[in-house]
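Hello,

Here is the structure for you to look through. My notes on what turned up follow below it.

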Amino acid sequence: MIKLISHSTEETESLGGKIAGRLKGNEVIALFGGLGMGKTAFTRGFARALGITDGVSSPTFALVNEYSGRYNIYHFDMYRVATWDDLYSTGFFDYIDNGILIIEWSENIEGALPDNAVRIKISSGENENERIFEIEGVDL
């Protein structure tokens, strides 16, 4: 496991970009962390590094946002997913192996994540803007 500390939104976006540069295009990125931890900021930097110029926003109400760049990115929000039926209704399983999946609120679907998913736990640091990233499944 790699542990890193971000001190700002810009550093969080930069970390997303750094991880994006290590991928091959069909990975699952599972983000764990509560409200305001920087999951969408991470995804914004990740997408930008793959040539996506569209605005990246949380897919809270859409459940999934799709972005096209060097790879297709499917950005999921699993906040409201509580059952297997809920998960199937998102189309989640149809997207696997068709691009990169970035999943916010992965704690709600942990049992459905592939074994080789990149797992990123984000938690609060010592001050308001500091975030601690614990990363498994990718080398930096």
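There are two salt bridges in this predicted model. A salt bridge here is a side-chain nitrogen of Lys or Arg within 4 Å of a carboxyl oxygen of Asp or Glu. In one, the side chains of E13 and R44 meet at 2.7 Å, N to O. That pair links distant parts of the chain: E13 sits in helix 1 (residues 9–20) and R44 in helix 2 (residues 39–49), 31 residues apart. Helices are DSSP runs (H or I, at least four residues), numbered from the N terminus. E13 also meets R48, at 3.3 Å, N to O. R48 lies in helix 2 and E13 in helix 1, so this pair ties together parts 35 residues apart in sequence.

R44, at 26%, counts as partly exposed. So does R48, at 48%. The cut-offs: buried is under 20% relative accessible area, exposed is over 50%, and partly exposed is in between (1.4 Å probe, protein chains only).

Now look at Y88. It is found in helix 3 (residues 84–89). Y88 counts as exposed because its relative accessibility is 53%.

Some notes on reading the model. Residues are numbered from 1 along each chain as its sequence is written, and side-chain values use heavy atoms, with hydrogens and water left out. As the model is predicted, local features need pLDDT of at least 70 and side-chain atom pairs count only at pLDDT 80 or more, while totals for chains, interfaces and linings use all residues.

Best wishes

Methods: Helices (H or I, at least four residues) and strands (E, at least two) are DSSP runs, numbered from the N terminus.
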